[in-house]
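These are my notebook entries on one protein chain, written down in the order in which I looked things up.

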Amino acid sequence: MNQLNDIETSALQALESVTDEDALQAWKTAHIGRSSPLMQVFAGLGKLSKEEKPAVGQAANRVKLALESAFEARAQIIKDAALAKSLEEEQLDVTLPGRPAPRGRLHPSTVQLRRMLDILAEMGFQVYTSREVETDEFNFQFLNFPLHHPAREMQDSFYVETEGRGDNPILLRTHTSPGQIRAMRDAVAAAPDPANPPPIRIALPGMCYRYEQITARSEIQFNQVEGLAVGTNITFADLKGTLTDFARRMFGQGARVRFRADHFPFTEPSAEMDVECFVCGGKGCSVCKRSGWLEILGCGMVHPNVLMSGGYDPKRYTGFAFGMGPERQAMLRYRIEDIRYFWGNDVRFLEQF
Ligand code: PHE
């Protein structure tokens, strides 16, 4: 009985100095664990006489319960202390200003490209995308560039594969115009009667590549948006009306435009469209190089040979096409002086849009 009293007193005393979880577990093993002095007492009960046994057994049980509940109480104290400590140490100062997450934004040529497509969509042009890797046939021949025609020198190409391909090497498209042929052929292929293909009204965006010296004015890669309308009774007046309306929607309802005769192998007649300089209002400034006008696109009536390459009978169908550059228009709009900024990946440039 004395031994039990000692066990209890010294265990409770030891518990007084337990202040963390590790020490608590160590205490548990030492004082109420399998090989603790208290458990030795239980183990030795068998050796006691019948008279002693119940009293000692009861006393041992009482000590065991007392130690267990002291253990629980101490565990709770330690847990509360740990919580209080972490609340104290990990305090959040909700009044601190936040750290702003840098936000991405659209590239200026994407912004301008989307503006163009939005306007064209309002005017009934559906987006059609075509491949960037083309054959000479699609990029040139079907577009009425005769083989070895010097006009090809306007658009020096990046060749992907020439070996064994004769006059039909694989190249990176130099303009979006080969998509005209693909769109027409798709429409013919899908038509219930291929001799009566449906009218077409598409906007054809995408990257183009030219093997050129990179300068402030020309890049080896750039976007174009091609427009193509094919149907019956489409005239040059439709071309002028559509593009004039496009310019007004893009540059403001007061925007004036003019058409100048030009030449492309795949359109006849061909023209370039200028918009009155929106920087100086046509008076002449450095942006329009004193002319009062900004050239923004090439256009024309689809050449009969091109309609034929697309599978449309030029005796019954006519059409117009145009091609323009989002980077060029973005340069005019934002007065960007050097086209090399577009793919330079300089965030100081990109963050301005
Ligand atoms: N493909 C011509 C170019 O890249 C632009 C154009 C398209 C001209 C359609 C007329 C008609 O310069």
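The entries below go from the ground rules to domains, helix contacts, pockets and backbone details.

**Ground rules.** I am working from a predicted model, in which local features need pLDDT of at least 70 and side-chain atom pairs count only at pLDDT 80 or more, while totals for chains, interfaces and linings use all residues. I number residues from 1 along each chain as its sequence is written, and side-chain values use heavy atoms, with hydrogens and water left out.

**Domains.** I looked up the division of the protein and found domain 1 (2–89) and domain 2 (108–350), with bounds that come from an automatic or database domain assignment. The C-alpha centres of domain 1 and domain 2 lie 89 Å apart.

**Helices α1 and α2.** I take helices (H or I, at least four residues) and strands (E, at least two) as DSSP runs, numbered from the N terminus. Helix α1 (residues 2–16) packs with helix α2 (residues 21–32) at an angle of about 175 degrees, their axes being 10 Å apart; axes are lines fitted to C-alpha atoms, for helices over the stretch in contact, and angles run from 0 to 180 degrees between N-to-C directions. The two helices, α1 and α2, are therefore roughly antiparallel to each other (angles under 35 degrees count as roughly parallel, over 145 as roughly antiparallel, 65 to 115 as roughly perpendicular and the rest as oblique). On the α1 side the contact (heavy atoms within 4.5 Å) is made by A11, A14 and L15, and on the α2 side by L24, W27 and H31. By class, this contact of α1 with α2 has five nonpolar, one polar and no charged residues, where Ala, Val, Leu, Ile, Met, Phe, Trp, Tyr, Cys and Pro count as nonpolar, Asp, Glu, Lys and Arg as charged, and the others, Gly among them, as polar.

**Helices α5 and α10.** The axes of helix α5 (residues 108–122) and α10 cross at roughly 105 degrees and come within 9 Å, which makes α5 roughly perpendicular to α10. The residues of this contact of α5 with α10 divide into seven nonpolar, three polar and three charged.

**Pockets.** I count as a pocket an open set of points on a 1 Å grid over the protein atoms alone, where a 1.4 Å probe fits, with protein on both sides within 12 Å along at least five of seven lines; lining residues have an atom within 4 Å of a point. The largest pocket has a volume of about 1200 Å³, a volume being the space filled by probe spheres set on the points, which are joined across faces, edges and corners. Of the 43 residues that line the largest pocket, R217, E295, I296, G325 and R328 are the closest to its centre. Strand β9 supplies the largest share of this lining, eight residues, and by class the lining of the largest pocket has 18 nonpolar, 13 polar and 12 charged residues. The second largest pocket holds about 160 Å³ of space, and its lining has five nonpolar, two polar and three charged residues.

**Backbone details.** I noted that the peptide bond from E268 to P269 is cis, with omega near -5 degrees, and that P269 is found in strand β8.
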